[in-house]
Amino acid sequence: MPIRLEIVTPERLVYRDDVDGVQLPGSEGELGVLPRHAPLISTLGMGELRVRKGDLEDVFAVIGGFVQVRPDKVIVLAETADLASDIDLEKAHEARLDAERALEIGLVEGADLATARAALQAALVRMRIAERRQRREGARRRA
Amino acid sequence: MPSQRDLRRRIGAVRNTRQITRAMQFVAASKLKRAQEADLAARPYDEIMDEVLADLAAVLDVEDHPLFARHDGGDRLLVVMTTDRGLCGPLNTNVVRTVLREVLDDPGRVSTVTAGRKGRDALRRARVPIVAHFAGFGDRPSFGDVIPLARLVTDDFLAGRYGQVDLIYPRFVSTLVQRPVVEPVLPIQPAADTQGIPGRQFIFEPDPATVLARLLPRYVATSIFQAVLETTASEMSSKMVAMKNATENAEELIDELTLSYNKVRQANITREMIEIASGSRTRA
């Protein structure tokens, strides 16, 4: 019995499909969801969202948001969600440098400081996920 | 009677105008398509947000949270959404008229935040107090663009400067109809928990209060973002219709001018013929 997964951001519906299982970056730690999970609403941290469907696995970089789990359906409300293969490593790197620079100058404070820190973390998460994916693909090609 | 040359010049001028209005019509049509898609694409997030909030409201005493609290007697803040550019029919005028009606209902107690240059200009002329202005959401608004606006509104509400915050924007009903609507955002009114699984059955992680605290700021931003998307779609459809009418009017004018041009030309030829005929008769 598959479970329906929907990933939505404020701007669009990112993903909708029937899947066998989902791994989520919950704010309290990794969260694995299989069909017939108890109803759950949780906040999300930043990290990898892994979708398992048969032998295939899709990886998304998810930043902030919520998840609503029902026995037959998982709805992820993410701030941003990008398929790992869509992440532009160079852009993420640039974003990281920008964020680091903003923090170094030290002009940011209060709410802006939190935003800058969040941006830095988001960039780091994206880079990590994209890099891991590249490595994995490289290994597969060599094999 | 205007000369042949004058008429020809005027026909040329109206043709140029027609070319421009027609180009604007087509540009608006293609942007409208994109704006509508963006509007539809953003809806699921908004809907699920409502649902989760309703679930939370079922388990928590949300009235306790400051964003739900009614401060009676506080001033009212209107977030007015208009377009940055003109030439889009009666759209902005209608929104501004709605705002002025609200202001007159409760004189002296209403302030506005404007998004869109046209609204700011009109309200400034009408001497309605404007506390802040946001511009440049552009044809493709992104969620990040509305966050500063959402933060300002939320902070001012929490600080107790306003007792109520409403959005006024042109709702996109159809290509032909855009209606200004007044939509309350703060205090937040959660929908009834009727959809899906009742809130009491959910496990909340880390706990309901934390989830609520994380959700609410985004909830306000989502409502505002939805309104911005509707405004863009309304702008494009109103512009498309206005430019279509302008193109048709130009065509009508060209027809009329061409008719009078031909009449003048005909009259001139007839006159010349008479002159030639009478001239040759005298010589004979």
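Which residues in H2(B) meet which residues in H3(B)?

Analyst: This is a predicted model, in which local features need pLDDT of at least 70, side-chain atom pairs count only at pLDDT 80 or more, and totals for chains, interfaces and linings use all residues. Residues are numbered from 1 along each chain as its sequence is written, and chains are lettered from A and ligands numbered from 1 in the order in which they are written.

From H2(B), Asn92(B), Val95(B), Val96(B) and Val99(B) meet Lys118(B), Gly119(B), Ala122(B) and Leu123(B) of H3(B); contact requires C-beta atoms, placed from the backbone, within 7 Å. By class, these residues divide into five nonpolar, two polar and one charged (Ala, Val, Leu, Ile, Met, Phe, Trp, Tyr, Cys and Pro count as nonpolar, Asp, Glu, Lys and Arg as charged, and the others, Gly among them, as polar).

Helices (H or I, at least four residues) and strands (E, at least two) are DSSP runs, numbered from the N terminus. The axes of H2 (residues 91-105) and H3 (residues 117-125) of chain B come within 10 Å and cross at roughly 45°. H2(B) is therefore oblique to H3(B).

As for the chain contact, 24 residues come from chain B and 20 residues from chain A. On the side of chain B, H1(B) gives the largest share, eight residues. That side has 16 nonpolar, five polar and three charged residues. Strand S5 (residues 40-43) of chain A pairs with S6(B) in the parallel sense over three bridges, where pairing requires at least two DSSP bridges. Within S6(B), Glu205(B) is the bridge partner of Ser42(A).

Terms used
Axes fitted to C-alpha atoms, helices over the stretch in contact; angles between N-to-C directions. Parallel < 35°, antiparallel > 145°, perpendicular 65-115°, else oblique. Contact = placed C-beta atoms within 7 Å.
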